[in-house]
Amino acid sequence: MSFLFLNFIIATNAFAESSHTYKWDKIPDIEVCGDMVSRESVIESLKYWQDEIGSKAMFNTLTFKNRCDFPKPGIIQISKNKKTVIEYGITSIDYYYFSDHNDRTINFAKIELSDHMVREDNITLRHELGHAFGLLHEAHGIMEAYY
């Protein structure tokens, strides 16, 4: 249920002002669950964001697992969305506030990729990782809402 609420929050904030951002309190770990994406695709996508946003795309460990449990704090989890969806991918962000409602701190991020995700240049994975690193939708470019 909380994922539905979080997805609503992300959708309603899709075109929020740039002052509304997300950040990590500490550098996250990344878990890739199953064989949905290749190691090379993940590494290429992470390098893309490190080149684009530098230290905002930092992570501690990158782990590939056959199966993952519910994400814990400090984790970006990438898995297959087992439901039939229209979207190529979706990122659910669990976050909390300190004192300022424009200062959203990410607790964990769960990226779910569909079977029919766009594989060319890892567009879907890159876009969803952008959300996991705290980026919102933009009017153009890789973070466009309907890329």
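Okay, let's start with the sulfurs: Cys 33 and Cys 68 form a disulfide, with 2.1 Å between their sulfur atoms. Bear in mind that this is a predicted model. The count for the structure comes to one disulfide, so that's the one to look at, going by the rule that the two sulfur atoms sit within 2.5 Å.

What does this bond tie together? Cys 33 is in strand β2, which covers residues 29-33. Cys 68 is in the loop between β3 (62-65) and β4 (75-80). So the pair links parts of the chain that are 35 residues apart in sequence.

Now, for those of you who like torsions: which hand does the disulfide have? The torsion about the S-S bond of Cys 33 and Cys 68 is about -105°, so we call the disulfide left-handed.

And are the two cysteines buried or exposed? Cys 33 has 10% relative accessibility, so it counts as buried. Cys 68 comes in at 17%, and it is buried because the cut-off is under 20%.

Okay, second stop: Thr 105. You'll find Thr 105 in strand β6, residues 103-113. Its relative accessible area is 0%, so Thr 105 is buried.

What does the Thr 105 side chain pair up with? It makes a polar contact with the side chain of Lys 23, at 3.1 Å. Lys 23 also turns up in the contact list for Thr 105, once you leave aside neighbours within four places in sequence.

Conventions
Residues numbered from 1 in each chain as written. Predicted model: local features only at pLDDT ≥ 70, side-chain atom pairs only at ≥ 80, totals over all residues. Heavy atoms only, no water. Helix = DSSP H or I, 4+ residues; strand = E, 2+ residues; numbered from the N terminus. Buried < 20%, exposed > 50% of the residue type's maximum accessible area, 1.4 Å probe, protein only. Polar contact = N/O pair within 3.5 Å; in protein donor to acceptor, adjacent residues only side chain to side chain. Contact = heavy atoms within 4.5 Å.
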